[in-house]
Amino acid sequence: MNDRSQSLFMRALRREPTPRRPIWMMRQAGRYLPEYRATRKRAGSFMGLAGNPELACEVTLQPIERYGFDASILFSDILILPHAMGLGLGFAEGEGPYFERPLRSVDDIEALPMPDPNQETGYVMDAVRLIRASLPAGTPLIGFAGSPWTVATYMIEGRGSKDFARAKKLLLAEPVAAQQLMNHLADATAAYLAAQVEAGADALMVFDSWGGALSPTLYREFSLASQQRIVEYLQKHCPDTPIILFGKGCGQHLTSLAATGCSGLGVDWTMDMSEARQRVGDQVALQGNLDPAVLLTTPEVIASETRRVLTSFGDGPGHIFNLGHGITPGVDPEHVTVLVETVKNWKVE
Ligand code: CP3
């Protein structure tokens, strides 16, 4: 037991009653915040920021200090792990991430090394330890990684993609090599997440941002199965640490995801919370699901759309308020204040 285990966020994850609903935001440390942009400028590059434990700690704490969010999330990226496998991560200004050495053959897959989380990604574990020591004692810290499928799309395409042509072709035409890649990534990801727990993370989240791009068959065989493998490893190695699975565009898979044994599911904005709850509500906590575009509107619209999400979940425990995906760079920071106040004051007089 520690101070965090009784926090609103950890209690909601266990679906215990809370006096109000906890709230945090995906990408809460990001470019919409002027203080983030200032630190990012000092760091020079994204990797100069994510690769420096002091600076990563500084930006992780910024949204906690400004808004009093109920959970913090490690400042890092899902592409740090393939970078540790030697693919060479870069960020083209304004164009997003790319790899210098993407996977181009079955031989490339077979040659992938298994990084030691405390060596190649030792700087991430240093950041986790520093953040844990710097956060308010009662604020939980979420560690994270990408899902094997989502990370593999960048490793295979070499960059972000709209149609995932190369990655899907691999799953369909080379299913044995594709499965080998998924298993390799699942094992590396599980060890990486367990090391984050060892370093001080209180909960874990797996981002499957592109799970919704797959047919149901490919989804089950590759994305779901590899997430299941991660959950099983973590249940054995860190049985007390709750895991949240977030699959964008994966509403139709919520019941399969709940059956993995995770504690919580992230829900994007394409499904009403009431519907998500109807499907899985008694098995897992639910996190979400305001459309990030709402934050681009007006305080009135933000407050009413936020209440719509709160009402849609309904009464009872197990709701962690969040966006349905990451906050976008152009949002007015004052608009986030409106969101946070609306959630914190909901039915609390
Ligand atoms: O949520 C947080 O505050 C923690 C930090 C975090 C980042 N990336 C920081 C980041 C997390 C959890 C991620 C996850 C991530 N990264 C995902 C999964 C979640 C999602 O949004 O779907 C994905 C697909 C990535 C890959 C990635 N990293 C992309 C596509 C980009 C560029 C997109 C963009 O907004 O420019 C990044 C870079 C990145 N990662 C930024 C941040 C704050 C912006 C880069 C910058 O500041 O220069």
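Trainee: How many aromatic pairs does the count come to?
Mentor: Bear in mind that this is a predicted model: local features need pLDDT of at least 70, side-chain atom pairs count only at pLDDT 80 or more, and totals for chains, interfaces and linings use all residues. Numbering starts from 1 along each chain as its sequence is written, and side-chain values use heavy atoms, with hydrogens and water left out. Rings of Phe, Tyr and Trp (its six-membered ring) pair if their centres lie within 6.5 Å. By that rule, the count is eight aromatic pairs.

Trainee: Are the rings of Phe144 and Phe207 stacked or edge-to-face?
Mentor: Planes under 30 degrees apart count as stacked, over 60 as edge-to-face and the rest as tilted. Here the ring centres of Phe144 and Phe207 are 5.5 Å apart and the planes sit at 85 degrees, so the pair is edge-to-face.

Trainee: How far apart in sequence are the parts that this pair ties together?
Mentor: Phe144 and Phe207 are both buried (under 20% relative accessible area, with a 1.4 Å probe and protein chains only). Phe144 belongs to strand 4 (residues 141-146) and Phe207 to strand 5 (residues 203-208), so the parts tied together are apart in sequence by 63 residues.

Trainee: Why is strand 8 largely enclosed by the rest of the structure?
Mentor: Strands are DSSP runs of E, at least two residues, numbered from the N terminus. Strand 8 covers residues 285-290, and it is largely enclosed because the number of its six residues that are buried is six.

Trainee: Which residue of strand 9 stands opposite Leu286?
Mentor: Strands pair if DSSP finds at least two bridges between them. Strand 8 runs parallel to strand 7 (residues 264-266) over three bridges, with Gly264 opposite Ala285. On to strand 9 (residues 319-323): five bridges join it to strand 8, again in parallel. There, the residue opposite Leu286 is His319.

Trainee: What is the distance from a ligand oxygen to an N or O atom in the side chain of His325?
Mentor: A polar contact here is a pair of N or O atoms within 3.5 Å. A ligand oxygen lies 2.6 Å from a polar backbone atom of Arg27, and one lies 2.8 Å from a side-chain N or O atom of Arg40. For the side chain of His325, the distance is 2.6 Å.

Definitions and conventions: Buried means under 20% relative accessible area, exposed over 50%, partly exposed in between (1.4 Å probe, protein chains only). Helices (H or I, at least four residues) and strands (E, at least two) are DSSP runs, numbered from the N terminus. A polar contact is a pair of N or O atoms within 3.5 Å; within protein, one must be able to donate a hydrogen and the other to accept it, and residues adjacent in sequence count only if both atoms are side-chain atoms.
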